Amino acid sequence: MTLARQRATQRRRPSELLIPTPAGLFCPPADIHIDPVRPVARALITHGHSDHARSGHGAVLATRETLAIMALRYGEGFTGERQVAEPGATTRIGEVDFRFVPAGHVLGSAQIVVESRDLRIVVSGDYKRERDPTCAGFEPVTCDVFITEATFGLPVFRHPPAHAEVAKLLESVRLFPERAHLVGAYSLGKAQRVMALIREAGYERPIFVHGAVEKLTDFYIAQGVPLGDIRKVAPAERKSLGGEIVICPPSAIQDLWARRFPDPVAAFASGWMRVRARARQKGVELPLIISDHADWDDLQATIREVGAGEIWITHGEAEALAHWCGTVGLAAKPLHLVGYGDEGEGEPEAAAAEASP
Amino acid sequence: MNRFAWLLDRIAYEPRRNGKLALIADYLRTTPDPDRGLALAAMTGGLVFRNAKAGLIRALIAERTDPALFALSYDYVGDLSETAALMWPAPRRGTAGAEPGDNRPPLTLPEVVAGLRDAGRTELPRLVASWLDALDETGRWALLKLITGSLRIGVSARLAKTAAASLGGVAPDEVEQVWHGLEPPYLPLFAWLEGRAPRPEASDPAPFRPVMLSHPIDDGDFDRLDPADFSAEWKWDGIRVQAVSGTRPDGSRLTRLYSRTGDDIGPAFPDLVEAMTQDGALDGELLVMREGAIQSFNTLQQRLNRKAVTAKMLSASPAHIRVYDLLVDGGQDIRALPLLERRMRLEAFVARLGSARFDLSATIPFADWDALAAARADPALAGAGADAEAVEGCMIKRIDAPYLPGRPKGPWWKWKRAARLIDCVLMYAQRGHGKRSSFYSDYTFGVWRASPDGEKLVPVGKAYFGFTDEELVELDRFVRKHTRSRFGPVREVTHDRQNGLVFEVAFEGLQRSTRHKSGLAMRFPRISRIRWDKPPGEADRIEALERLLPVDGAPEPPPAKKPSAREIEP
């Protein structure tokens with residue numbers, strides 16, 4: 001037996017270490033699921049968005065922040081047992097080592113490095129490369145197989161710098177001082193990032209929030225993210241909020257709730273706002289292209305950076321990204337995992353449920 | 001160009017009609033000539049460039065991007081100009097070049113329009129590419145919109161003209177009346193609207209006049225309407241047209257055939273244009289008539305959207321207009337007269353014309369609404385005879401009403417025949433365009449048919465409306481969650497006897513067709529209900545449809561090279 005053959009028999013094949021199943025990615029030698037969409041015995045969770053972090057598992061391993069976010073959203077009984085994945089620390093389960101590394105998506109978000117017998121797979125979860133003042137930045141980890149999302153996996157998605165989009169918002173506030181500016185933003189992550197960016201731009205007035213955004217915003221502040229003067233909107237004061245910025249879940253900007261504001265400007269902070277028709281479908285007047293996902297260029301840059309020979313694509317515009325991988329000589333396969341945001345950034349359903357104040 | 005791009009961008013995000021009107025009016029008021037006139041021409045479809053067409057954009061982007069990635073992106077975005085504008089490989093982030101708002105060199109709209117009009121076929125690609133390199137995303141998008149001609153930003157020609165009319169405080173129809181005598185950039189129009197010059201002469205002897213449209217009638221409406229005030233006629237399943245002839249001061253004559261939106265479709269129908277030998281403006285239904293019998297809508301479709309028409313087509317599918325109104329008699333505008341008087345003038349006009357290409361839309365005699373209901377239920381017996389298949393329902397018109405442009409409520413009603421319904425199973429889905437961009441909103445559905453390997457679904461039609469925006473979100477989610485395989489942009493959705501989704505599909509009529517695997521073609525199909533509750537195994541079988549075929553429905557002729565879409569009345 002040649003050395004190479006020997007090594008090949010010892011080294012795990014990627015398909016032994018992680019396999020896509022209807023419940024999510026499954027790791028047979030450790031008997032765990034990553035971001036399962038159905039209740040399982042043992043789950044590793046990348047971040048707190050409700051399409052990735054669901055309640056009802058037997059045991060959950062996640063970062064301290066993600067566990068806290070799940071408890072906030074689902075109550076303390078969201079899982080049987082919980083274990084904190086300390087940053088950078090390795091947790092061995094069966095013959096497999098797991099390590100949580102920042103993904104730059106939202107507070108507490110992590111990639112999960114899965115390693116066993118010389119094979120390293122990185123499950124990146126949802127991630128972005130653009131700077132975000134509210135969470136730790138993405139750290140690239142070299143690997144054999146890189147599992148990526150492709151929410152914005154089309155060359156039409158190139159996010160402009162977020163500070164320029166926030167400048168658009170502040171310019172509109174200046175132009176229309178009598179109108180309330182309602183900014184739709186997902187309640188976990190995007191809402192707080194927009195607030196932080198507004199503060200960085202030097203805006204010092206209070207920022208008002210919809211009830212559905214309040215709890216997570218308080219959590220961010222408690223975690224040491226400075227957001228300035230944040231006030232919950234009282235139903236009665238809505239008509240007096242001309243000229244103010246109000247952050248609310250995306251579904252609320254077209255709600256009855258929104259109509260009480262003085263001549264509201266409907267804004268929406270999302271990568272989808274790149275496409276005019278998407279903004280029009282949502283009745284958005286002021287689209288703000290601010291995303292917590294990697295855009296087309298950053299997906300490519302990240303794939304090159306981690307040096308993996310094989311790319312698996314969990315969800316989003318998988319065909320286009322897989323096609324690009326092929327053109328640069330990388331093996332790629334779409335997993336077509338069902339149940340993740342797919343084309344809804346983050347968590348459209350959860351946002352709708354939380355919309356009623 | 002910057003201001004024009006800014007205007008289009010703002011309009012695209014403005015959902016309210018009044019908001020759009022205000023934006024356009026403000027632009028026209030504050031922008032100098034000739035820029036504003038060129039912008040107005042762009043919004044009214046008045047800019048046509050011989051060499052600059054959508055094909056140019058495709059070619060330019062194909063040289064610069066991977067074709068598979070372009071196809072996937074176009075499928076997602078659903079708009080050629082926007083896809084190309086977004087994908088255009090411009091210098092980005094930090095590098096020198098186009099940053100948002102930085103449209104160097106400051107291109108002007110007249111410069112762009114002149115370039116698009118005058119540049120030769122060989123120099124045009126380089127010119128457009130250099131502009132695209134210099135513009136930001138919004139500028140690129142606006143430029144490409146100019147080239148494709150169809151802006152698709154929710155502004156009709158009518159809306160743009162209404163905004164222009166507001167500059168001079170005149171009625172939109174007054175602008176409409178002088179419109180066809182004018183050319184971009186419409187300097188005499190703006191001079192008149194701003195009170196600097198007299199009203200321009202309408203030098204066009206055969207202008208378009210905005211058509212009068214009807215409202216659907218509800219059961220409750222009949223109680224409030226006196227049958228004695230109304231006349232009724234059949235609603236024919238054709239294309240609404242306006243045939244206009246006029247004489248110029250020099251004695252030469254001009255005839256035009258307009259669609260209901262004012263597009264000149266005359267070149268595709270020389271047989272009709274020739275036969276309009278008297279001055280006047282007729283309102284009627286364009287049909288194909290063979291040996292005195294109206295042919296199916298599919299046959300008519302073969303003749304639409306053509307620049308030229310072959311002799312073979314002229315003899316195989318002769319065009320015909322069934323007229324129901326007269327707007328201009330000789331040189332006299334008679335729109336203000338009551339319908340009854342116009343009808344008498346119409347009868348005399350058609351008699352004088354003496355052409356087999358034109359005949360009168362017959363009135364349906366009825367004493368009360370129940371009698372009309374009986375006629376509508378059985379047009380064959382109530383006078384429509386062999387043409388009953390081409391009857392969509394009844395038109396009910398107030399006999400004392402003038403001819404009013406637009407859709408005034410009250411004078412004209414349409415009472416469509418009850419649609420036919422059938423339960424079909426969703427088989428394939430594709431993304432939509434325009435408003436439905438990126439949603440899986442085009443559905444192909446089928447019914448069960450016996451085959452050697454047991455019961456199989458056979459596709460019978462495609463529909464992309466009939467559901468609410470909320471339902472669309474759910475349908476889109478269903479398609480994504482139940483995708484069985486993918487063929488390029490098409491997703492095959494799970495469809496077996498237990499799993500899948502049933503649509504109750506409504507349609508107006510049915511024809512035999514060689515174009516479809518099932519041998520059938522539905523007319524005007526739409527989703528009438530989503531049967532989330534019904535197992536696909538209980539959907540209808542092909543026999544249920546075959547029973548609805550006309551007895552001697554001859555197969556339609558082979559498909560035309562260019563498929564054409566019909567404008568459907570909203």
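This note goes through selected features of a predicted model, point by point.

1. Basis. The model is predicted, so local features need pLDDT of at least 70 and side-chain atom pairs count only at pLDDT 80 or more, while totals for chains, interfaces and linings use all residues. Residues are numbered from 1 along each chain as its sequence is written, and chains are lettered from A and ligands numbered from 1 in the order in which they are written.

2. Contact between the chains. Chain A places 25 residues in contact with 26 residues of chain B; contact means that C-beta atoms, placed from the backbone, lie within 7 Å. On the chain A side, α7 (276-281) and α9 (318-327) are the elements that give two or more residues. Helices (H or I, at least four residues) and strands (E, at least two) are DSSP runs, numbered from the N terminus. The most comes from α7(A), with six residues. By class, the chain A side has 13 nonpolar, four polar and eight charged residues. Here Ala, Val, Leu, Ile, Met, Phe, Trp, Tyr, Cys and Pro count as nonpolar, Asp, Glu, Lys and Arg as charged, and the others, Gly among them, as polar.

3. Domains of chain B. The assignment, which is automatic or from a database, gives domain 1 (2-148), domain 2 (215-416) and domain 3 (420-546). The centres of domain 1 and domain 3 of chain B, taken over C-alpha atoms, are separated by 37 Å. Their contact takes five residues from domain 1 and seven residues from domain 3. The domain 1 side of this contact has two nonpolar, one polar and two charged residues.

4. Helices α5 and α6 of chain B. The axes of α5(B) (residues 67-77) and α6(B) (residues 80-87) come within 9 Å and cross at roughly 125°. Axes are lines fitted to C-alpha atoms, for helices over the stretch in contact, and angles run from 0 to 180 degrees between N-to-C directions. The two helices are therefore oblique to each other (under 35 degrees is roughly parallel, over 145 roughly antiparallel, 65 to 115 roughly perpendicular, and the rest oblique). From α5(B), B:Phe70, B:Ser73, B:Tyr74 and B:Val77 meet B:Leu80, B:Glu82, B:Thr83, B:Leu86 and B:Met87 of α6(B). This contact has six nonpolar, two polar and one charged residues.

5. Helices α4 and α8 of chain B. The axes of α4(B) (residues 54-64) and α8(B) (residues 124-134) come within 11 Å and cross at roughly 70°. These helices are therefore roughly perpendicular. B:Leu56, B:Ala59 and B:Leu60 of α4(B) make the contact with B:Leu124, B:Pro125, B:Val128 and B:Ala129 of α8(B). Seven residues of the contact are nonpolar, with no polar and no charged ones.

6. Strands β3(B) (residues 239-247) and β4(B) (residues 253-259) run antiparallel and are joined by seven bridges; strands pair if DSSP finds at least two bridges between them. B:Val244 has B:Arg256 as its bridge partner in β4(B). The hairpin has five residues between the strands, and B:Gly251 takes a positive phi near 90° there.

7. Backbone details to check. The bond joining B:Asp33 and B:Pro34 is a cis peptide, with omega about -5°, and B:Pro34 is in the loop between α2 (17-30) and α3 (35-43) of chain B. The peptide bond from B:Pro184 to B:Pro185 is also cis, with omega near 5°; B:Pro185 lies in the loop between α11 (172-179) and α12 (187-193) of chain B. In chain A, A:Asp263 has a positive phi near 40° although this residue is not glycine.

Notes. Contact = placed C-beta atoms within 7 Å.
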